[in-house]
Structures are given as C-alpha cells and as structure tokens.
Amino acid sequence: MSQPTQHVLLIAPVMDALQQQLDAHYTVHRLYQQPDAAAWLAENGANVGAVVTRGDVGVTSAVLENLPQVGVIAIFGVGTDAVDLEYARRRHIAVTVTAGALTDDVADLAFGLLLSSARQLCLGDRFVREGRWLQESPALATQVSRKRIGIFGMGNIGRAIARRASGFDMDIYYTDRQADNTLPYHWCDDVLSLAQRSDFFVVAVSGGKESQGIVNHEVFQALPAHALVINIARGSIINEPDLIAALQNGDIAGAGLDVFVDEPNVPAEFIGMDNVVLQPHVASATHETRQRMSHIVFENVQAYFNGQPLPHRIN
Ligand SMILES: NC(=O)c1ccc[n+]([C@@H]2O[C@H](COP(=O)([O-])OP(=O)(O)OC[C@H]3O[C@@H](n4cnc5c(N)ncnc54)[C@H](O)[C@@H]3O)[C@@H](O)[C@H]2O)c1
Ligand SMILES: O=C(O)[C@H](O)COP(=O)(O)O
C-alpha cells in the first residue's frame, strides 16, 4: 500500500511554535510565500499530503484541485466557512478543527465586549488618561445584570456565552437551526423575534453562505434602540453597511466587534464612533488556547501521516 507523502502545505501563517514543530517533522511549503502560487502548485502540488490553514483563511477548491494526493485539511480554528466541505467530501479529504480548545476564550471575549460596550470601559480609560476626571464627572453607563441577552447561534460558543450570562442573572433568549429543549433558555423562532427580545444581541452563529448578511437592516429595526450588538463569529454574518447605518441613525445604541467583512480593513465609520468597541479578531488569542490549538493541529497532521484515525475530524 502506498504511504501518503510527508509534505505539508501551509496556506497562511500560523503560530511560530506550530510551524517549527511541522518543520521538524515534515517538509513544509508555505504557499503564501510563493511569488507565483499557481506555478508552484502546478509544479509541486502532487507531493502535498496535508494542508494546514486558519479558519478565517481556509483553502480554495482551486488550490485543492492541484493537490491530487491531499488527504487532510487541518484547520487552526473552528470556522469551516472558508472551505468547501462538500467538495472535500467528494474528494475524500478529511477536515479537522480545533473544537473545544477555544470555546471559553471566545465566550470570554464576547462577554468582555459586552461589558466594555455597556459600561463604556474604553471611554472611561480615555477619560482618566486625558485628565478629564479632574474637571468633570464621568458619564453614566448601562447596566448588564438582569438584562435580556439574545444569542444567535447556540453552538459551543453560544452555550458558553449563555453560561456566563447566567452568572449575571440575565434573561437568556436564543435562536439556532432548531431548539434544544434540554436548555433552560427561552427559544425564539427566528432572528427577528430574537432581536425584539434582546437588550444585548450576540452573534455566535457559524459563517458561510447560509448566514451571510443575515443580521441586516430588518434585524436592526427589530432591536430596541438601547440594544448593543456583539459579534465574535464572522464579519460576513452582519451586513456591515446596514450596521453602520443603524449606528448612525440611532436605531441601536452601540456595538462590540471582533470580526469584520474585509479583515484587517475596518470601515472608517466604525473607527470614528465612540459607541463601538473594536478588537482585531483576537477572541481565541491567548497563549494557553493558541498552544492547545497548535497541539490539536499537529496531532491531526501526525495521525494522518501515521495512518491513524484523526482525533478531531469533522468531515
Ligand atoms: N472571533 C474568533 O476568533 C472566533 C473564534 C472561534 C470561532 N469563531 C466563529 O464562531 C463560530 C461559532 O463557533 P462554535 O464553536 O460555537 O461553532 P458551533 O458549530 O458549535 O456552533 C454554531 C451554531 O450555529 C448554528 N447555525 C449555523 N448556521 C445557522 C443559521 N443559518 N441559522 C441558525 N443557526 C445556525 C449551528 O446550528 C450551531 O449551533 C464559528 O463558526 C467561527 O466562525 C470566531
Ligand atoms: O484565527 C482565527 O480565525 C480564530 O482564532 C480561530 O479561527 P476560527 O474563527 O475559524 O475558529
């Protein structure tokens, strides 16, 4: 039986420690460093056994077309929206993710954004640094405890956000593809009815074609004017021009955003708004979690080349 080739194709940079570990065990090719990626793929693609990529970058089917022997796509992350899973299935290419490793950190950042937005932590910080406290009183902010939180997407991260919200005695509403009757939270039939019941509206649904732009003008109209919108999932889920308009028109009170449509480009309108808290897609970016994610990616690549079952396979 022929063994898979021991060549790894890295689509985008990942943690240095993971790159070093891959380099130590395999021949690693960095597609993002190739001046002519198409020419490189045509010449060398046949050798590649494993693809390593990030959730936000994925790998195109056009690249995979050039990799006839590839058997695994190991994603450093949980988002699969940048990989055509149907195509991978047809080609019998396994897909692995780092599920479980990042859930708590992402939920923590969602809550950090929620608290920062409601309690105006960034404005308070600026107020102290600029010495304005010496001359004026700080502004009042918005209470979080006992308010209503609407969670769009009750998957691993949505559930972890709900657990945190329980600690704040919040009233928890959610929607997803289907209700989970084992959950002690209020089910909403759709995203609009969720919006109507949300003081805080948190986007934790997966990205991809099905959810693209689903949080749009209609949703912003359904939200109360005091609502704050938090997004730690994917920029593509929110219609960004609609969100900007809703903020400009006062249809909602503010937003806390870790993800954007065209990262790392962030619309100038957001940058100019004091009621928007911005983060550079760092929800899983702690030393502990990124190490765990690296370990999982390596484990899967190693299992593949050793002909063993892949421990974190989803497709
Ligand atoms: N900001 C970050 O750094 C970061 C980190 C990790 C994950 N993420 C994003 O967060 C997303 C959620 O992660 P997770 O671990 O909770 O995933 P998950 O698969 O456990 O949960 C996703 C949930 O969304 C639901 N869903 C998907 N499409 C839907 C639709 N159209 N309508 C209603 N519900 C729908 C699914 O049923 C599922 O319950 C990921 O897909 C990823 O894109 C972002
Ligand atoms: O780098 C990223 O995109 C996140 O840290 C993790 O990826 P994900 O959002 O696809 O899970």
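Trainee: Which backbone contact does Val-78 make with ligand 2?

Mentor: In this predicted model, a backbone N or O atom of Val-78 lies 2.6 Å from an oxygen atom of ligand 2.

Trainee: And what do the side chains of Arg-234 and Arg-290 do around ligand 2?

Mentor: An N or O atom in the side chain of Arg-234 is 2.6 Å from an oxygen atom of ligand 2, and a polar side-chain atom of Arg-290 lies 3.0 Å from an oxygen atom of that ligand. Taken alone, ligand 2 exposes 300 Å², and the protein buries 90% of that area.

Trainee: Which other residues are around ligand 2, and what is the shell like by class?

Mentor: The residues around ligand 2 include Gly-55, Asp-56, Phe-76, Gly-77, Gly-79, Leu-102, His-281 and Ser-284. By class, the shell has three nonpolar, five polar and three charged residues.

Trainee: Now ligand 1, please: which residues come nearest?

Mentor: There are 23 residues around ligand 1, of which Asn-156, Ile-157, Asp-176, Ile-232 and Asp-258 come nearest. By class, the shell around ligand 1 has 12 nonpolar, six polar and five charged residues.

Trainee: You listed His-281 around ligand 2; what is its contact with ligand 1?

Mentor: A polar side-chain atom of His-281 lies 3.1 Å from an oxygen atom of ligand 1, while His-281 is also among the residues around ligand 2. As for area, ligand 1 taken alone exposes 860 Å², and the protein buries 87% of that.

Trainee: Switching to the fold, what is the strand order in the open sheet of seven strands?

Mentor: The order is β8-β7-β6-β9-β10-β11-β12, and the pairing is parallel. The edge strands are β8 (186–187) and β12 (276–278), each of which pairs on one side only.

Trainee: How many bridges join β6 to β9?

Mentor: Four bridges join β6, residues 148–152, to β9, residues 200–203, and the two strands run parallel. As one of the pairings, Ile-149 has Phe-200 as its bridge partner in β9.

Trainee: What about β1, which strands is that joined to?

Mentor: Strand β1 (residues 7–10) is joined by four bridges to β2 (residues 27–30), running parallel, and Leu-10 stands opposite Arg-30 in β2.

Trainee: Last topic: how many aromatic pairs does the structure hold?

Mentor: The structure holds six aromatic pairs, one of them formed by Tyr-26 and Phe-298, whose rings are 6.2 Å apart centre to centre with 45° between the planes.

Trainee: Is that pair stacked, edge-to-face or tilted, and where do its residues sit?

Mentor: The pair is tilted, because an angle of 45° falls between the limits, with stacked meaning under 30 degrees and edge-to-face over 60. Tyr-26 is in the loop between α1 and β2, whereas Phe-298 is in helix α12 (residues 287–305), so the pair links distant parts of the chain, 272 residues apart.

How values were computed: Residues numbered from 1 in each chain as written. Chains lettered and ligands numbered in written order. Predicted model: local features only at pLDDT ≥ 70, side-chain atom pairs only at ≥ 80, totals over all residues. Heavy atoms only, no water. Pairing = 2+ DSSP bridges. Near = heavy atom within 4 Å. Polar contact = N/O pair within 3.5 Å; in protein donor to acceptor, adjacent residues only side chain to side chain. Areas by Shrake-Rupley, 256 points an atom, 1.4 Å probe, with all protein chains shown as cover. Nonpolar A, V, L, I, M, F, W, Y, C, P; charged D, E, K, R; others polar. Phe/Tyr/Trp six-rings, centres within 6.5 Å; stacked < 30°, edge-to-face > 60°.
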